[in-house]
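Open the model in your viewer and keep the selection tool at hand. This tour moves from ring to ring and ends at a pocket.

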Amino acid sequence: MAIALRASAARRKMIMSETVQKTSPVRFYLAEQTRASHEGVDKRAEAFDLTLAEGVTQFLRFMYRGISAIEAGLDESQTARIFPLWSERKRAAMIGAELAETALAYSEDEATQQALDFRSEAEVWGALYVLEGSRLGARILVNRSELMSKSDFFQETARCRYWPEFLVQLEQADMRLDDRVGMAEGACRAFAAFPG
């Protein structure tokens with residue numbers, strides 16, 4: 001009897017969990033599914049001393065390597081068809097131009113990142129979630145030192161307020177596609193593009 005009650009309780013818990021996942025906003029689902037990947041990228045990014053010019057440059061190189069690989073994959077996936085603002089949101093070229101002006105310019109290997117392979121529209125939306133969310137993370141860093149005011153990357157981050165608008169589009173895509181697992185896979189692949 002006790003075993004049957006435990007099994008019944010476990011089934012109810014599983015059904016409740018699935019219901020919460022389907023009814024809660026997709027951003028919360030993606031945040032939970034990508035927590036370990038996101039924390040890993042944040043930990044690596046925190047290693048750069050943003051009070052020093054060299055630290056800022058190293059941080060930009062780190063961001064460039066991840067963002068350029070994600071953007072190249074999204075370009076190959078024809079993201080502009082489903083996300084019309086795509087060309088305005090891209091930042092790899094801006095970061096590359098900023099790095100080209102520094103004494104620690106990136107190498108040719110870094111300049112030509114291999115495009116990621118996003119296999120479905122859901123995976124594309126997951127990758128966009130990572131890119132758009134990275135602006136929020138960078139905004140937290142903007143006031144760490146006066147060097148940030150000299151960086152195009154950080155100033156673009158400080159000015160932009162895209163996140164609320166993006167979340168509306170992400171929710172619409174979630175309702176239309178009904179593929180949160182695919183979105184999470186795309187997001188995890190995007191997080192993995194940042195060098196370890």
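This is a predicted model: local features need pLDDT of at least 70, side-chain atom pairs count only at pLDDT 80 or more; totals for chains, interfaces and linings use all residues.

**Stop 1: Phe83 and its partners**

Begin with the rings. The structure holds 11 aromatic pairs. Select Phe83 and Trp125. Their rings form an edge-to-face pair, with 5.8 Å from centre to centre and 75° between the planes. Now colour by helix. Phe83 sits in the loop between α4 (53–76) and α5 (86–89), while Trp125 belongs to helix α8 (residues 121–141), so this contact ties together parts that lie 42 residues apart in sequence.

Are these two side chains buried or exposed? Show the surface to check. Phe83 is buried, at a relative accessible area of 0%. Trp125 is buried as well, at 2%.

Phe166 lies in helix α10 (residues 163–177), so the pair with Phe83, in the loop between α4 and α5, links distant parts of the chain, 83 residues apart. Phe83 and Phe166 are both buried.

**Stop 2: a phenylalanine cluster**

Clear the selection. Pick Phe48, Phe59, Phe62, Phe153, Phe154 and Phe194. Ring pairs link these residues into a cluster.

**Stop 3: arginines over rings**

Select Arg27 and Phe28. Arg27 lies over the face of the Phe28 ring, 4.6 Å from the ring centre. Next, go to Arg89 and Tyr162. Here Arg89 is placed over the face of Tyr162, at 3.7 Å from the ring centre.

**Stop 4: the largest pocket**

The largest pocket holds about 540 Å³ of space. Which residues come closest to its centre? Select His38, Asp42, Gly133, Ser134 and Gly137: of the 25 residues in the lining, these are the closest to the centre.

Now see where the lining comes from. α2 (26–33), α3 (35–45), α4 and α8 each supply at least two of the residues that line the largest pocket. Highlight α8: with 9 residues, this helix gives the most to the lining.

Finish by colouring the lining by residue class. In the largest pocket, 17 lining residues are nonpolar, 4 are polar and 4 are charged.

Methods
Residues are numbered from 1 along each chain as its sequence is written. Side-chain values use heavy atoms; hydrogens and water are left out. Rings of Phe, Tyr and Trp (its six-membered ring) pair if their centres lie within 6.5 Å; planes under 30 degrees apart count as stacked, over 60 as edge-to-face and the rest as tilted. Helices (H or I, at least four residues) and strands (E, at least two) are DSSP runs, numbered from the N terminus. Buried means under 20% relative accessible area, exposed over 50%, partly exposed in between (1.4 Å probe, protein chains only). A charge sits over a ring if NZ of Lys or CZ of Arg is within 6 Å of the ring centre and within 35 degrees of the ring normal. On a 1 Å grid over the protein atoms alone, a cavity is a set of points where a 1.4 Å probe fits but cannot get out, and a pocket is an open set with protein on both sides within 12 Å along at least five of seven lines; lining residues have an atom within 4 Å of a point. Grid points are joined across faces, edges and corners, and a volume is the space filled by probe spheres set on the points. Ala, Val, Leu, Ile, Met, Phe, Trp, Tyr, Cys and Pro count as nonpolar, Asp, Glu, Lys and Arg as charged, and the others, Gly among them, as polar.
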